[in-house]
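Open the model in your viewer and keep the selection tool ready. The stops below say what to select and what is there.

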Amino acid sequence: MYYFFNTINFVHQINDLLNKVQENQENKFKVIIDKFMIINLFIIFASFLLFIVALIANMYGVKSIFNVFQRLWYPFIIPSLGTFFTAVIIESIFNKINKK
């Protein structure tokens with residue numbers, strides 16, 4: 001009888017260990033995604049500042065900064081905005097699912 005309970009205890013310990021490993025891997029993935037999203041947010045802020053500087057420079061007749069902004073728009077800024085808003089929508093969906 002003692003052997004049976006000892007085996008059950010061992011199985012529970014293994015199960016707890018596996019759950020901790022899985023949670024640790026999920027936490028590492030979440031940390032990596034969070035860091036990526038923070039970098040993406042800074043890219044969006046920098047793009048906004050570049051846009052403001054380009055508008056002000058364009059009002060004073062310097063069109064080169066606005067041309068740089070326009071060249072960066074499709075290959076760089078649009079994907080950053082799309083990634084950011086997609087992540088926000090997915091995060092909100094997961095939060096609603098987890099609350100239920």
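**Stop 1: the pocket**

The largest pocket has a volume of about 390 Å³. On a 1 Å grid over the protein atoms alone, a pocket is an open set of points where a 1.4 Å probe fits, with protein on both sides within 12 Å along at least five of seven lines; lining residues have an atom within 4 Å of a point. Grid points are joined across faces, edges and corners, and the volume is the space filled by probe spheres set on them.

This is a predicted model, in which local features need pLDDT of at least 70 and side-chain atom pairs pLDDT 80 or more, while totals for chains, interfaces and linings use all residues. Residues are numbered from 1 along each chain as its sequence is written, and side-chain values use heavy atoms, without hydrogens and water.

Select K30, I33, D34, E91 and F94: of the 12 lining residues, these lie nearest the centre of the largest pocket. Helix 1 and helix 2 each give two or more residues to its lining. Helices are DSSP runs (H or I, at least four residues), numbered from the N terminus.

**Stop 2: helix 2**

Select residues 64–99, which form helix 2. Its buried residues (under 20% relative accessible area, 1.4 Å probe, protein chains only) are F66, F69, I77, S80 and F84.

**Stop 3: N40**

Go to N40 in helix 1 (residues 2–59). Is N40 buried or exposed? N40 is buried, at 4% relative accessible area. It touches S80, T83 and F84, leaving aside residues up to four places away in sequence; touching means heavy atoms within 4.5 Å. A polar atom of the N40 side chain lies 3.2 Å from the backbone oxygen of S80.

Conventions: The expected span of a helix is 1.5 Å times one less than its number of residues. Buried means under 20% relative accessible area, exposed over 50%, partly exposed in between (1.4 Å probe, protein chains only). A polar contact is a pair of N or O atoms within 3.5 Å; within protein, one must be able to donate a hydrogen and the other to accept it, and residues adjacent in sequence count only if both atoms are side-chain atoms.
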